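The following questions and answers examine the model shown here.

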Amino acid sequence: MNVVIVGAGMAGTMLAIRLARRGHRVDLVERRADPRATDGPEAASISVGLSERGRAALRDVGLLDKALAAAVPMRGRIVHHGGRVTHQPYGTDDTQVLHAVRRHDLNITLLDAAEADPRVRLWFGHRVTGLAGAEVWTPARTFAADLVVGADGAYSTVRTHLHRQVRAELHVTHLDWGYREFTIPAVDRPEALHVWPGRRGLVVAHPNPDGSLTGTVFLPFDGDTGFQGLRDPARAGAFLAEEFGDLAELVPDLVTQFLAQEPGSLVSVRTAPWRHDRVVLVGDAAHAVFPFYGQGMNAAFEDCAVLEACLAEHATGDALAAFEARRRPHTDVLADLSARNFVELRDRVRSPVFLARKRIDFELGRLIPGWRTLYAMISHSTLPYGDALARARRQDRLLGGLAGLGGVALLAAARRKRSGGC
């Protein structure tokens with residue numbers, strides 16, 4: 001087929017590689033300039049967490065080793081709170097890790113691989129202005145295709161034009177919190193995701209290969225302790241020191257970095273249908289989620305694998321229907337989990353009850369074959385999101401039953417037996 005993919009970000013480039021490998025001819029159309037030719041803000045973009053779903057997709061196209069060479073493993077969370085630092089491991093063994101990778105660097109790796117395939121043509125600086133059937137218009141040229149894929153993000157132009165051709169639902173949710181980014185200078189730190197949970201805010205930081213951390217501070221837009229109320233340097237400095245403790249000591253110019261940019265928005269998108277005729281949406285264009293489960297990029301990569309498989313199994317129209325049927329129920333679950341994990345990161349990671357439950361889950365994972373936390377199933381497996389949630393709920397019911405039968409004592413006895421103690 002002749003395929004036009006609009007959007008040369010993570011999903012678009014991954015899909016171009018996969019479809020070209022299947023023998024299709026791909027035009028990859030992007031409104032921005034080539035990111036490989038700029039040292040602007042995009043080059044300093046934040047790190048993202050690469051989980052098993054993303055690693056599986058990169059492994060499929062032979063790019064995992066190259067991606068991991070520029071990544072930093074994260075073996076758990078380091079929680080900074082009340083002058084104390086606690087470590088919360090992600091899993092029971094070294095396979096249950098995430099990898100922090102700069103979005104810009106990974107995008108370039110994918111673009112280079114796409115460009116190396118003679119069946120892929122890259123078109124930068126081409127803004128889509130119209131879509132009719134499977135014909136895509138830009139001011140410079142018209143692209144005729146057998147299949148059009150909208151991989152152009154949460155504010156997708158392809159989705160807008162698609163919705164003019166079919167009765168559709170679109171729900172765009174903006175969180176009343178925003179974010180700003182900053183850099184924590186390099187020091188010797190554990191390989192982990194660092195979290196500063198505050199009563200009125202949240203900071204999350206990913207490690208970089210040079211030892212620095214890329215931090216993101218999340219605050220409400222409005223209110224005296226939101227971005228709107230923290231425009232004065234003295235007031236912002238006092239708030240950050242009070243709310244996030246040692247962070248102000250680790251970053252001498254924290255206030256300067258904090259005030260140097262406008263806050264970004266956090267958006268979640270649900271829409272249906274994802275396809276019409278020979279046009280389909282993938283990634284954030286179909287299902288943008290809040291970033292608090294770290295699954296946006298990973299879910300987009302998984303979309304590409306599923307769409308490729310559906311196109312190999314069915315004629316185009318049936319393939320697009322099969323793709324949406326297989327993916328949309330699970331990405332709806334991911335949207336719910338991503339919103340819920342915001343509350344966990346902000347409020348629960350410092351809760352004694354939450355930590356006790358984490359320890360119980362950790363021990364059950366060591367003692368009972370197949371017992372996995374919901375987080376482990378989402379981040380360290382490729383089990384579909386909805387199936388992972390259903391399994392976690394079954395485990396919760398089982399754990400409730402164990403508690404009613406004196407399960408804590410049984411668990412302690414099992415631990416002693418396992419260790420040879422009495």
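**Surface, fold and local geometry**

The protein exposes about 18800 Å², of which carbon and sulfur atoms supply 52%; accessible areas follow the Shrake-Rupley method with a 1.4 Å probe, and for residues only the protein chains shown count as cover. The model is predicted: local features need pLDDT of at least 70, side-chain atom pairs count only at pLDDT 80 or more, and totals for chains, interfaces and linings use all residues. Residues are numbered from 1 along each chain as its sequence is written, and side-chain values use heavy atoms, with hydrogens and water left out.

Q: How many of the residues of H10 are buried?
A: Helix H10 spans residues 296–313; helices are DSSP runs of H or I with at least four residues, strands are runs of E with at least two, and both are numbered from the N terminus. Buried means under 20% relative accessible area, exposed over 50%, and partly exposed in between (1.4 Å probe, protein chains only). H10 is mostly covered, and its buried residues number 13 of 18.

Q: Is Asp277 buried or partly exposed?
A: Asp277 lies in the loop between S18 and strand S19 (279–281). Asp277 is not a glycine, yet has a positive phi of about 55°. Because its relative accessibility is 47%, Asp277 counts as partly exposed.

Q: Which residue does a cis peptide bond join to Ala272?
A: The residue is found in the loop between strand S17 (264–272) and strand S18 (275–276). Omega is about -5° for the bond, and the partner of Ala272 is Pro273.

Conventions. The expected span of a helix is 1.5 Å times one less than its number of residues.
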